[in-house]
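Please examine the structure shown below.

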Amino acid sequence: MELCNKCGACCRVLTVEQAPQEIQAIASVTKLLGIPSDMIFAAQHWHPLSREEARQRNPFYVERLPADANLYWCDQLGSDGLCMSHQTRPLVCRGYPWYDQPVRDMALADQDCGYALDIVSEYVIRRPEM
Ligand code: SF4
Ligand code: SF4
């Protein structure tokens with residue numbers, strides 16, 4: 001079952017561990033060495049946001065993120081809410097939200113994100129059976 005309803009919320013505000021300077025530095029090094037890296041894409045297409053700017057784009061999500069989170073917007077999000085670089089989007093986009101890790105209680109980008117069903121089934125349906 002496709003859980004993503006393509007609302008685009010997880011692309012309106014992005015958060016990654018790396019600060020803008022780190023993204024640029026990793027992108028430069030990996031590009032120089034010919035190593036594929038999400039940071040090369042990020043350096044080209046992700047742009048820093050202040051907390052207030054991010055809040056205006058997705059208040060639901062930003063309220064749930066740590067105060068020191070690195071926040072970005074992506075210039076590849078189309079006005080229709082779809083990714084304009086779908087075929088070449090980085091791994092960090094492809095893996096959202098679980099990244100091949102177990103389902104866990106975490107801040108999803110939208111209150112109607114379909115992946116909330118995974119959390120419900122993990123914590124309400126499966127866990128009592130364990
Ligand atoms: S927030 Fe959830 S439902 Fe919306 S686009 Fe992202 S993954 Fe899909
Ligand atoms: S590259 Fe596409 S999937 Fe990734 S953040 Fe940008 S719009 Fe979203």
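How many nonpolar, polar and charged residues does the shell around ligand 2 have? By class, six are nonpolar, two polar and one charged; Ala, Val, Leu, Ile, Met, Phe, Trp, Tyr, Cys and Pro count as nonpolar, Asp, Glu, Lys and Arg as charged, and the others, Gly among them, as polar. The residues around ligand 2 include Cys-11, Cys-74, Cys-83 and Cys-93, where a residue is near a molecule if its C-beta atom, placed from the backbone, lies within 6 Å of it. Around ligand 1 there are 13 residues, of which Cys-4, Cys-7, Ala-9, Cys-10 and Cys-113 come nearest.

This is a predicted model, in which local features need pLDDT of at least 70, side-chain atom pairs count only at pLDDT 80 or more, and totals for chains, interfaces and linings use all residues. Residues are numbered from 1 along each chain as its sequence is written, while chains are lettered from A and ligands numbered from 1 in the order in which they are written.

The chain has seven helices and three strands, these being DSSP runs numbered from the N terminus (helices H or I, at least four residues; strands E, at least two). Along the sequence, their pattern is α-β-α-α-β-α-α-β-α-α.

Helix α2 (residues 20-33) meets helix α3 (residues 38-45) through residues including Ile-23 and Ala-27 in α2 and Met-39 and Ala-43 in α3; contact requires C-beta atoms, placed from the backbone, within 7 Å. The residues of this contact comprise seven nonpolar, two polar and one charged.

Notes:
Axes fitted to C-alpha atoms, helices over the stretch in contact; angles between N-to-C directions. Contact = placed C-beta atoms within 7 Å.
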